[in-house]
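These are my notebook entries on a structure that was new to me. I set down each point in the order in which I looked it up.

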Amino acid sequence: MHIIINGGGKIGEYLATKMIASGHRVAIIEQSKRKIDQLAAKLPQQVLMILGDGCDSAFQMDAGAEHADIFVATTGADDANLVSCEIASLVSKIPRVIARVNTPKNERIFRRLGIEAVSSTSIISRLIEVEATQGAMHAVMSLTQGDLVMTEVTIPLCSDCVGEQGKTVAEIKPLLPEESLLVAVGKGESLAIVNGSTVLQPGDAVMVVSKQGFEEDVRAALTQLW
C-alpha cells in the first residue's frame, strides 16, 4: 500500500518506520524544514519527504495522492488534522483517511464527517496493518491491554440476496468462534446494541468483541453468511 502521513513529529516518524518495515510505501508531509532534516537522518531512504502544508492538495499530490491507499493526519493540531483529512478524501480522492485526535471531545466531529478518529498511535498502526491484510475488516480498539479486540466487519453485499429476510444473531452465533461476541450493528447512520432476535443483512457493519488472534475467524464467518 501507499500511505501518506501528514505530520513529521514522533507519531509520524513511528508510523513511517513501522509501515516501511511492513513493506508499504510511505510519504511524509511536514511544514518544518528542521523536522524534515531530522527525519531524513533517521528514516530509510525510501520514505518520500515533502516540505509543505498537508492541508494543501498540491502537496498531497506531490506525496502521491493519486495512487495513495491511506492518508493519516498525525499533527498536534486537531483543526489541521481535520482539514487535511477532508481535503485528502474530497479533493485528493484518497479512499481511506485516519486522524489523530488530540482532544477527545473533538472525536465526535471527526466521525460525523466520516473521518476515522483515534487517539492511540498503536491503534492507528493496527488499523493500517489490518486494512492491508483483511480488507473490509478493521480493528477498532484493543481492550484490557490487548487481551480482547473490538472489530468491525462489514457484511458483504450480495447480488443474489435481494428479497432475503436476513439472519438473526441467534442463527449466526453458532458460526462464530467461541471466543467472540456480537455486540452492535450499524445500519446506515444508526447503531444499535444487538440481541438474539436482531436481524443482520448484507451491508450491515457489525461490531464484535473477541480474543486477540480470532479476528480472521470472525471475518471469515461474517463474510460468508450468504
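**Entry 1: Cys-85**

I began with Cys-85 and found that this residue is buried, with a relative accessible area of 0%. The model is a predicted one, and I read every value below with that in mind. I next asked how many disulfides the structure holds. The count is 0. Cys-55, too, is in no disulfide; the nearest cysteine sulfur to it belongs to Cys-85, 9.0 Å away.

**Entry 2: Helix H4**

I then turned to helix H4, which covers residues 78-90. I checked its length: at 1.5 Å a residue, its 13 residues should span 18 Å, and the end C-alpha atoms are 18 Å apart, so the two values agree. Which residues of H4 are buried? I noted Asp-78, Asn-81, Leu-82, Ser-84, Cys-85, Ile-87 and Ala-88. An α-helix has 3.6 residues a turn, so residues three or four places apart point the same way. I also looked up what covers the buried residues of H4, and the cover includes strands E1 (2-6), E4 (70-73) and E5 (96-100). Helices H3 (57-62) and H5 (107-112) are also included in that cover.

**Entry 3: Thr-75**

Thr-75 lies in the loop between E4 and H4. Is Thr-75 buried or exposed? Its relative accessibility is 18%, so Thr-75 counts as buried. I recorded a polar contact of 2.7 Å between the side chain of Thr-75 and the side chain of Asn-81, and Asn-81 is one of the buried residues of H4. The side chain of Thr-75 also reaches the backbone oxygen of Ala-77, at 3.2 Å. Apart from neighbours within four places in sequence, the contacts of Thr-75 are Asn-6, Gly-7, Ala-80, Asn-81, Arg-100 and Asn-102.

**Entry 4: Asp-204**

I looked next at Asp-204, in the loop between strand E12 (199-200) and strand E13 (205-211). Asp-204 has a relative accessible area of 6% and is therefore buried. What does the side chain of Asp-204 reach? I found the backbone nitrogen of Gln-201, at 2.8 Å. Not counting residues up to four places away in sequence, Asp-204 touches Val-153, Thr-154, Ile-155, Val-185, Gly-186, Lys-187 and Val-199.

**Entry 5: Strand E10 and its partners**

I followed strand E10, residues 180-187, to its partner E13. The two strands run antiparallel and are joined by 6 bridges. Within this pairing, Leu-181 stands opposite Val-209 of E13. How many bridges join E10 to strand E11, residues 190-193? I counted 4, and this pair is antiparallel as well. Ile-193 in E11 is the bridge partner of Ala-184.

**Entry 6: The whole protein**

Last, I recorded the overall figures. The protein contains 8 helices and 13 strands. It has 226 residues, of which 44% count as buried. Of the contacts with a separation of 6 or more, 60% are made by residues 24 or more positions apart. The protein exposes about 11600 Å², and carbon and sulfur atoms supply 52% of that area.

How values were computed. Residues numbered from 1 in each chain as written. Predicted model: local features only at pLDDT ≥ 70, side-chain atom pairs only at ≥ 80, totals over all residues. Heavy atoms only, no water. Disulfide = S-S within 2.5 Å. Buried < 20%, exposed > 50% of the residue type's maximum accessible area, 1.4 Å probe, protein only. Expected span 1.5 Å × (residues − 1). Contact = heavy atoms within 4.5 Å. Areas by Shrake-Rupley, 256 points an atom, 1.4 Å probe, with all protein chains shown as cover. Polar contact = N/O pair within 3.5 Å; in protein donor to acceptor, adjacent residues only side chain to side chain. Pairing = 2+ DSSP bridges.
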